[in-house]
Amino acid sequence: MADAEEAALQFTPTWIVAAVCSIIVLISLAAERGLHHLGKTLKKNDQRSLYEALLKVKEELMLLGFISLLMTAFQGTIQRTCIPPSWTVYMLPCERPGDHQPTGVAARFSAAEILAGISRARVLSEGGGGAEAGLCQKEGKVPLLSEEALHQLHIFIFVLAVAHVFFSATTMLLGGAKIHKWKQWEEEIQKNNDAGNGPKKVLPMHQLSFIREHYKGIGKDSLTLCWLQSFVKQFYGSVAKSDYTTMRLGFIMTHCRGNPKFDFHRYMMRALESDFKKIVSTSWSLWIFVVIFLLLNVNGWHTYFWMAFLPLVLLLAVGTKLEHIIAQLAYDVATKQTAVEGDLVVKPSDEHFWFGQPRIVLHLIHFILFQNAFELSFFFWILMTYGFHSCFMDHVGFLVPRLVLGVVIQLLCSYSTLPLYAIVTQMGSYYKKEIFNEHVQQGVLGWAEKAKKKSGLRECHSAVESMHGDGADAA
């Protein structure tokens with residue numbers, strides 16, 4: 001009991017309290033000022049989409065702070081919530097020392113008695129720190145969640161959110177670096193348009209590089225071979241220069257025919273930055289996934305191992321679908337007999353995407369990145385909290401494949417799937433608002449808001465005049 005009193009705040013030297021508070025406040029202020037200056041830099045460089053993504057990160061940090069506050073505020077309530085010891089022998093993530101998979105009722109209650117005895121010993125040794133748990137022991141029960149378990153869960157949620165933001169930003173940086181290399185293709189096309197290509201030659205469609213690389217005559221002969229080719233293509237050279245040139249021309253001819261010098265690469269990068277807001281956020285559906293995993297992470301089920309394959313399967317499916325859309329575009333053009341070289345035009349359409357919704361691909365990439373971040377953060381959290389030889393780690397045969405899959409998913413998504421998404425999703429039926437620059441966007445939005453207000457005022461005046469007219473008639 002004396003040890004507990006000495007550890008209380010009223011018996012702690014003031015210089016220790018002041019020093020610890022100063023360090024925490026300084027770190028917090030440095031982080032806040034760093035984010036603030038980063039936001040000012042993004043706004044100064046007219047990178048509004050990235051600035052809004054930064055606001056999403058701040059929202060995530062605020063959510064973490066609120067979760068931390070709730071856990072701290074309800075810590076005593078959770079520990080005072082008592083349950084029968086027999087309830088704690090089901091669905092354990094690890095086997096307790098001394099337990100040998102009890103099967104009978106007597107064995108379960110025997111394990112419960114062992115748990116109760118350990119809890120009583122902890123209460124006696126901790127003194128005031130286990131006061132809430134002692135209330136349950138007097139009733140022959142155990143707390144719903146121990147103080148130690150609550151603290152570890154608190155750390156896990158923090159690590160998960162930070163890892164998700166970190167891995168999402170890493171994916172966007174690596175993928176954006178590869179997409180940035182396409183800028184030289186855009187510059188070459190712009191130079192050729194300025195210089196003029198001279199007389200154009202009519203060629204058979206199958207001699208064009210875009211058709212040769214994607215169609216190869218198997219598009220109409222075998223649907224299985226076409227899908228297989230799309231599956232393999234995502235692992236090497238997912239987007240070639242001919243792909244970029246053809247889809248760029250198809251987009252311009254469909255959405256901005258009057259501007260042949262449209263900077264397609266710049267528009268694509270702005271659209272990708274805008275989508276980053278969605279990728280970096282953590283929605284309620286993703287938190288539901290975390291809860292389901294924590295529920296199913298039972299000893300002997302190897303849930304952690306099997307769940308590692310889910311993002312890989314989804315990632316391969318998304319990459320194959322995106323490559324197959326390019327093959328479909330090539331097949332649609334290949335049905336023609338001839339074309340003018342340099343004027344190969346594909347027709348963007350939502351029909352090429354799942355359920356006619358290009359946004360589904362973004363939602364899947366969002367889930368893939370979150371689930372992969374969850375896998376890797378869960379590993380590092382276990383490593384820091386329990387050590388390498390913890391039962392959470394499972395066998396080495398299960399551990400190594402999980403880590404390899406996590407790295408493969410991160411690299412494949414960064415260098416293949418994300419660049420594919422950036423260009424292929426522009427082949428939908430509609431363009432995105434990022435087709436306008438930031439100033440035009442703000443002007444259009446402001447004009448729409450003013451028009452909406454004026455429309456509302458007109459309706460209000462009409463209603464007032466109608467009321468006056470009704471009153472005059474009544475008089």
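Trainee: Why is His-265 called buried?

Mentor: In this predicted model, His-265 has a relative accessible area of 3%. Buried means under 20%, so His-265 is classed as buried. The residue lies in helix H13, which covers residues 264-280.

Trainee: Which residues does His-265 touch, leaving aside those up to four places away in sequence?

Mentor: His-265 touches Ile-179, His-180, Trp-182, Lys-183, Glu-186 and Tyr-244. Each counts as a contact because heavy atoms lie within 4.5 Å.

Trainee: Where is Gln-234 placed, and what makes Gln-234 buried?

Mentor: Gln-234 sits in the loop between helix H11 (223-233) and helix H12 (241-255). Its relative accessibility is 1%, and the limit for buried is under 20%; therefore Gln-234 counts as buried.

Trainee: How do you know that the side chain of Gln-234 makes a polar contact with the side chain of Thr-320?

Mentor: The distance between the two side chains is 3.1 Å. A polar contact requires a pair of N or O atoms within 3.5 Å, one able to donate a hydrogen and the other to accept it, so the pair Gln-234 and Thr-320 qualifies. The side chain of Gln-234 also reaches the backbone oxygen of Phe-231 at 3.1 Å.

Trainee: What else does Gln-234 touch, not counting residues up to four places away in sequence?

Mentor: Besides Thr-320, the list includes Leu-315, Leu-316, Gly-319 and Glu-323, as well as Leu-412, Ser-416 and Leu-420.

Trainee: Why is Leu-296 called partly exposed?

Mentor: Leu-296 has a relative accessible area of 34%. Partly exposed lies between the buried limit of 20% and the exposed limit of 50%, so Leu-296 is partly exposed. Leu-296 belongs to helix H14, residues 284-296.

Trainee: What makes the nonpolar surface patch that contains Leu-296?

Mentor: The patch, of about 880 Å², is made by Tyr-90, Met-91, Trp-284, Ile-288, Ile-292, Leu-295, Leu-296 and Trp-301.

Trainee: Where does UniProt place the feature "transmembrane region"?

Mentor: The unreviewed UniProt entry places this feature at residues 12-31, 61-78, 153-174, 279-298, 304-322, 360-383 and 403-424. In the model, residues 12-31 are 90% helix and 0% strand, with end C-alpha atoms 28 Å apart. Residues 304-322 are 95% helix and 0% strand, and their end C-alpha atoms are 29 Å apart.

Trainee: How many helices and strands does the protein have, and what share of the residues is buried?

Mentor: The protein has 19 helices and four strands. Buried residues account for 40% of its 475 residues.

Definitions and conventions: Residues numbered from 1 in each chain as written. Predicted model: local features only at pLDDT ≥ 70, side-chain atom pairs only at ≥ 80, totals over all residues. Heavy atoms only, no water. Helix = DSSP H or I, 4+ residues; strand = E, 2+ residues; numbered from the N terminus. Buried < 20%, exposed > 50% of the residue type's maximum accessible area, 1.4 Å probe, protein only. Patch = residues over 30% accessible without salt bridge, like charges linked within 9 Å, V, L, I, M, F, W, Y side chains within 5 Å. Areas by Shrake-Rupley, 256 points an atom, 1.4 Å probe, with all protein chains shown as cover. Salt bridge = Lys/Arg side-chain N within 4 Å of Asp/Glu carboxyl O. UniProt positions renumbered as here; feature names shortened; annotations may be inferred.
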